[in-house]
Amino acid sequence: MPGDPARALALAQQLLTEPKMSNHARGLWGYTGETPDGRPLSIQATGMGGPSAAIVLQELAELGLRRAIRVGTCGAMDPKLELGALVVASDALAEDGASRALGAGETVEPDPDLTAQLAAGLPPGAVPSRIVTTDLFYDGDPGHGGPPKARADAWLRRGAVAVEMEAATIFTLGIRLGVATGCVLVVSDTFEGGARNRIEDDDLAKAAERMGALAAEALNPG
């Protein structure tokens, strides 16, 4: 479940032998097919933010979905995270309205088995980490590159290493619907000295390929 429709297309071309478009309503492209080893896989864009992701996950569940992984980008708050790094979510601070409306508390967790499958594909020594879900991509001073410093520092103190916009909603709704959910993200932005540093397009594409392969393997372990 990528947010970006263009990433859904790229992942479908990478992961499916004969991808077939299964949805294009509201520009949220979706594809279905089989992996090269014959395992079924669907890739469906969610759009930006929890409200859109909640609609997509609800409707997929009504069609029979039982396992789903959010794949997307995040901004790093931990200065040790580098552009292009993969982050598997251990849990998410629910700082967005959609997850709270669905009943989330301060934090919400993904499915432990699916998270363990994702973690198994990380580099040696890397482990799942806490992230934070928020509603706002641009927040505060227009000249500032990331979340307001006081807010980012508070999230860091609570253990979050990166920020994104959909995971807490997907985790919360997944629990309500009986859908196992997980999340793996690419670090696309860092915030050094108050400035947003963005990953180069080619580097993002390569990292997204690694992310997609990791998610597909976790959904259908060999």
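Arg39 has a relative accessible area of 21% and is partly exposed, a class between buried (under 20%) and exposed (over 50%), computed with a 1.4 Å probe on protein chains only. This is a predicted model, where local features need pLDDT of at least 70, side-chain atom pairs count only at pLDDT 80 or more, and totals for chains, interfaces and linings use all residues. Residues are numbered from 1 along each chain as its sequence is written, and side-chain values use heavy atoms, leaving out hydrogens and water.

**Exercise 1.** Find the salt-bridge network that includes Arg39.

*Solution.* 
- Start with the criterion: a Lys or Arg side-chain nitrogen within 4 Å of a carboxyl oxygen of Asp or Glu.
- Arg39 meets Asp37 at 2.6 Å, N to O; Asp37 is partly exposed at 48%.
- Next, Arg39 meets Glu217 at 3.5 Å. This pair links distant parts of the chain, 178 residues apart: Arg39 sits in the loop between strand S2 (30-34) and strand S3 (40-44), Glu217 in helix H7 (residues 201-219). Helices (H or I, at least four residues) and strands (E, at least two) are DSSP runs, numbered from the N terminus.
- Together, Asp37, Arg39 and Glu217 form the network.
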